[in-house]
Amino acid sequence: MLLAIDTATQYASLALHDSHAVAAEDTWRAPMHGVGAELASAIQHLLGRSGITIDQLTALAVCIGPGSFTGLRSGIALAKGIAGARGLPLVGVSSLDVLASAHPQASGGLIAVVQAGRGRVIAASYQWRKGRWKSRSEPLLMTWDMLIASIDGPATLTGEISDAGLETLQMAREQGAPIHVSAGALRLRRAGFLAEEAWNQLQSRSAEIFEADHVVPLYVKTKDLS
């Protein structure tokens, strides 16, 4: 049984995966500076509700960002603590890759975004290859206007899009930009997809690379974009 933990941004999510399917999942809006205090009890609640003990875990997965410093630190520290103490593999997965893995095939490219504060986002682009979305760019910090200007063809946007971002994207569409915004349910980052991605990696790569000490947060360097 794999436990997946995602506290990268303003949404927290937990999931249990039995290698065949998601067995349980919780996703909720969490206070940016308070998720650490409730995370351990939320995990205990998920395990108890599912009739699973922590001794039955065989692997863990954690979202490594990009995201908020506080949120990432809380989730990664707890995941590393559990995995390290029990000698379990720990798989780190990017928040943007989790968003992309949840999205069905769409016309053109896919752009996944998470909020970065001060009207900015961190975004990465993906293209559909061999039945899944494959990354075609590194995560970049930018404003919505910069993101729109960088789009070079039809694109679907998914992930955390603020009200201001939605307004900006709608204006760009009215001006002819080939942009489609995914439905809200598709844009919600869920630990079930984190768990699925982690299982895929565990099956296809050497176990040695999943030692807990190897997992580190993914931060995108910031700069003044004003």
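Helix H1 (residues 35-50) packs against helix H2 (residues 69-86) at an angle of about 35°, and their axes are 9 Å apart. Axes here are lines fitted to C-alpha atoms over the stretch in contact, with angles from 0 to 180 degrees between N-to-C directions. Helices (H or I, at least four residues) and strands (E, at least two) are DSSP runs, numbered from the N terminus. The model is predicted: local features need pLDDT of at least 70, side-chain atom pairs count only at pLDDT 80 or more, and totals for chains, interfaces and linings use all residues. Residues are numbered from 1 along each chain as its sequence is written, and side-chain values use heavy atoms, without hydrogens or water.

Who makes the contact (heavy atoms within 4.5 Å)? H1 brings Val35, Gly36, Leu39, Ala40 and Ile43, while H2 brings Gly71, Ser74, Gly75 and Leu78. Five of these residues are nonpolar, four polar and none charged. Gly counts as polar in this scheme.

Now follow H2 itself. H2 has 18 residues and reaches 26 Å from first C-alpha to last, close to the 26 Å expected at 1.5 Å a residue. That expected span is 1.5 Å times one less than the number of residues. Among the buried residues of H2 are Thr70, Leu72, Ile76 and Ile82. Buried means under 20% relative accessible area (1.4 Å probe, protein chains only). Their cover includes H1 and the strands E1 (2-6), E4 (59-63) and E5 (90-93). Gly87 follows H2, with a positive phi near 65°.

Gln201 sits in helix H7 (residues 191-204). Gln201 is buried, at 14% relative accessible area. Beyond four places in sequence, Gln201 touches Val91, Gly92, Val93 and Phe210.

Conventions:
Buried < 20%, exposed > 50% of the residue type's maximum accessible area, 1.4 Å probe, protein only. Contact = heavy atoms within 4.5 Å.
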